[in-house]
Amino acid sequence: MASLELLTPHLSKIKIPSSQQLIYKDECVYSFDNPESETGLYVSLTSFLGFGRNYVEQYFQKTGNAVFLHIFREKKPIPEPEQTGDGPEKKITRLAIGVEGGFDPDCGKPKYTYTDHYNVVVLPGFHTFPWPNDTLPDVVKQSVQGVLDAESPFKIAEMEALQGTWDGEKREVSVHSVSLKQLDNGVKVPPSGWKCDKCDLTNNLWLNLTDGSILCGRRFFDGSGGNDHAVEHYRQTGYPLAVKLGTITADGKGDVYSYAEDDMVEDPYLADHLKHFGINVQQLQKTDKSMVELELELNRRTGEWNTLQESGSDLRPLHGPSLTGLNNLGNSCYINSVVQVLFRMPDFVRRYVEGAPEIFSTFPEDPANDFNVQTAKLGVGLVSGRYSFPGADGAQAGVSAHMFRRVVGRGHPEFTSKRQQDAHEFYLHLLTLIERHSRHRSDPAECLRFAVEERVQCGASQAVRYTARAERHLPLPVPLAAATNAPQLRDYELRRARAEAAGQRLDSSQMVRPQIPFQACLDSFMKEETVEQFFSSAVNKKVTARKITRLATFPDYLLIQLKKFTIKEDWTPAKLDVAVDMPWEVDLGVLRGRGVQAGEALLPDAPPDAPAPVFDEALLAKLLDMGFPVEACKKSLYYTNNSGMEAASNWLMEHMTDWDFDNKFEPPGSQNTGASANAAVDEASVEQITSMGFTRTQAARALRATDGDVARALDWIFSHADQLDSEELPTAPIQDRTLGCRDGPEKYKLVAFISHMGTSTMVGHYVCHILHEGRWVIFNDNKVALSENPPKDLGYLYLYERL
């Protein structure tokens, strides 16, 4: 044992952790090394940060913090007990992964016993003192004990996420349940033998808790379910709550839906509400499937899960560099799929993998919450292959991106939760964060950035205006009317209807999806649009105009989003279950915009005093409550002249698949060439920035340059410090169509795609397929395998690389 005198010079720097101190004893803050790694984990008794063997010496040299608790965890497999039979299969009750009642990502993995070994280590020289050890100074003993007693930051993050919901299954108490109006109309509901009051359906029945009506539920996207009579009854009466018959249990629980709140809810007074109609819950048994069970059955019936996960194939596990799996941390598959695809692009590898030593060398005070450090840690973990090796069962253990998930979701109400999310929304969120943290550095997302060119022609004067904006994805509509197998679809619908009438269901192998050509999606994007109420500066009034959208530049990597997610007429989210014939290689030259052409007359600049559009705030609030994006709501009110909810909602439904549906709204005819020096800014945002010591002029300029986003405005101020007090920055001239984007040939090949399983973005699972060294590989969380049948026709996001 080393001499205790080695500790003496460092005792003044050793700290005793408080109850609020985060102690990173589960994983290195710079790598995925942990106590189970070959060299264990070193926890600083000063900063309480954890380090792998590769980083602990650098940290000591940078900070002088020399005393660490070394944790090494010994793992031994537990022999499997002899099986006397298959035993009951675990019942899946939630459409989620890594949460209670959902799919268990660890199912079938070997079980282990763990023994932790501790030592106090002093650098340099790695002098070791075994623990427990009564001869150590009191401050060392108290510090070590504090580390051992502390809760893991990962567990703390789990509890914070659980304060929201895991997967949308946890339900809020309905605001209507306490004072629910129930009619004294003499209705008594029998304990069985129910039938819809408006049709002959005897399943998927809902009891309205106000008037006792028994009506069938909504029709599902595959045609099964009900005939929408329950929701139609709500629209006619406004009676808000209904319970699904057959799901009621003896303890007064059941599937309750609030049409007014548009969600599944809890009714703590359900037993009393049922008693009003003569129903004694203690006599009832659950006889029908819950909504979650129906969702699971629906997905299994369509066969989408099996196809996208290639469940029918004998997949060969792969290991090595760029073949590292990511563990599912509870509905984190959307994060896993997006980052796997991003780190297939050289720009991201250069910035965060090859550039990791420079990022790590700064040793920030709080690396666990440093965006660049955690992104580099993730990139190195995925690309290096250091953590990609087969486990005892042949499958790799994968890495768990706890710290990255916490950092990337911080401040975002959805991405901090454990609910399922839209992978496309997370992709855009992540690129925004990368841009924000790329000040004075190259932004790797530039390889995805391209300029969109819009040409608008005034219907009165025939003069034109060209505008350009930067995008990082190309959203393509999915035109169902373009399906090439319409006869087969009609035949399938007839067979399905006959089967349902006979109380049967078609097997998933018999399902027929609409087959949509990729060219039809392109044509839908390229078609000329009619723009109503366009303010023409040529004739100084509102006219009808025509708009064409093209690409002014073509990026190194083009991300295409198929607009599969939509909202049905009853305002419920849904996904188009279609197959799109996405090409392996494609020439997109037809999308190339050419800019101003000879002989075209340009519209004069709009007058600076042109009136700003006025939106009915009450209507806007109602539309937002329905879940539509704010910019789309503004468009609907503008184009319907604030004439009412029905007109605005009809406009939204008609334009749901528009590729720029939720893009920032610019009134037709307004100048969109840059931030105007006189544009209005939000005074509260100005005050927030000036309180940090900046002038009002500086704050206003930054807000105009960043669309009023305070966080981005602050980044803008720091990155334009040498220009803050200069004259107003010039806007890009109309001839500068590229907006500084990279450009090149329009020919591409498919190198990755992300697929979604489930009926909406709020449920389901994501996987991705990536072209790796000439072979397609499937990444299904921590499972990485050679793909035998890449299901490219069923994807959602597609990454194309320039040939």
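**Questions about a predicted chain**

Visitor: Which residues does Ile 16 touch, if residues up to four places away in sequence are not counted?
Guide: In this predicted model, two residues are said to be in contact when heavy atoms of theirs lie within 4.5 Å. With residues up to four places away in sequence set aside, Ile 16 touches Phe 48, Val 139, Gln 142 and Ser 143.

Visitor: How far apart in space are Ile 16 and Val 140, C-alpha to C-alpha?
Guide: Residues are numbered from 1 along each chain as its sequence is written, and side-chain values use heavy atoms, with hydrogens and water left out. Because the model is predicted, local features need pLDDT of at least 70 and side-chain atom pairs count only at pLDDT 80 or more, while totals for chains, interfaces and linings use all residues. By that numbering, Ile 16 and Val 140 are 124 residues apart in sequence, yet from C-alpha to C-alpha the distance in space is 8.2 Å.

Visitor: Is Ile 16 buried, partly exposed or exposed?
Guide: Ile 16 belongs to the segment before β1 (41-44), where a strand is a DSSP run of E with at least two residues, a helix is a run of H or I with at least four, and the numbering starts from the N terminus. Buried means under 20% relative accessible area, exposed means over 50%, and partly exposed lies in between, with a 1.4 Å probe and protein chains only. Since its relative accessibility is 46%, Ile 16 counts as partly exposed.

Visitor: And His 10, is that residue buried or exposed?
Guide: His 10 also has its place in the segment before β1, and, apart from neighbours within four places in sequence, His 10 is in contact with Ala 66, Val 67, Val 122 and Leu 123. Because the relative accessible area of His 10 is 18%, this residue is buried.

Visitor: Which residue does a cis peptide bond join to Leu 123?
Guide: The bond in question has an omega of about -5°.

Visitor: What is omega for the cis peptide bond from Trp 131 to Pro 132?
Guide: Pro 132 is placed in the loop between β5 and α2 (138-149). The bond that leads from Trp 131 to Pro 132 is cis, and its omega is near 5°.

Visitor: Is His 440 buried or exposed?
Guide: His 440 sits in the loop between α13 (423-436) and β11, and its phi is positive, at about 65°, although the residue is not a glycine. Because its relative accessible area is 69%, His 440 is exposed.

Visitor: How many residues does the largest nonpolar core have?
Guide: A nonpolar core is a set of buried Ala, Val, Leu, Ile, Met, Phe, Trp, Tyr and Cys residues joined through side-chain atoms within 4.5 Å. In the largest one, Phe 348, Leu 430 and Leu 448 have the most contacts inside the core. The number of residues in this core is 97.

Visitor: What volume does the second largest cavity have?
Guide: On a 1 Å grid over the protein atoms alone, a cavity is a set of points where a 1.4 Å probe fits but cannot get out; the points are joined across faces, edges and corners, and the volume is the space filled by probe spheres set on them. By this rule there are 8 cavities of 30 Å³ or more. The space in the second largest cavity is about 60 Å³.

Visitor: Which element gives the most residues to the lining of the second largest cavity?
Guide: Lining residues have an atom within 4 Å of a point, and here they include Val 338, Val 341, Leu 342 and Leu 448. Two elements, α8 (333-342) and β26 (797-802), each supply at least two residues of this lining. With 3 residues, the element that gives the most is α8.

Visitor: How many nonpolar residues are in that lining of the second largest cavity?
Guide: Ala, Val, Leu, Ile, Met, Phe, Trp, Tyr, Cys and Pro count as nonpolar, Asp, Glu, Lys and Arg as charged, and the others, Gly among them, as polar. The lining of the second largest cavity has no polar and no charged residues, and its nonpolar residues number 10.

Terms used
1 Å grid on protein atoms, 1.4 Å probe; cavity = no way out; pocket = protein on both sides within 12 Å on 5 of 7 lines; lining within 4 Å.
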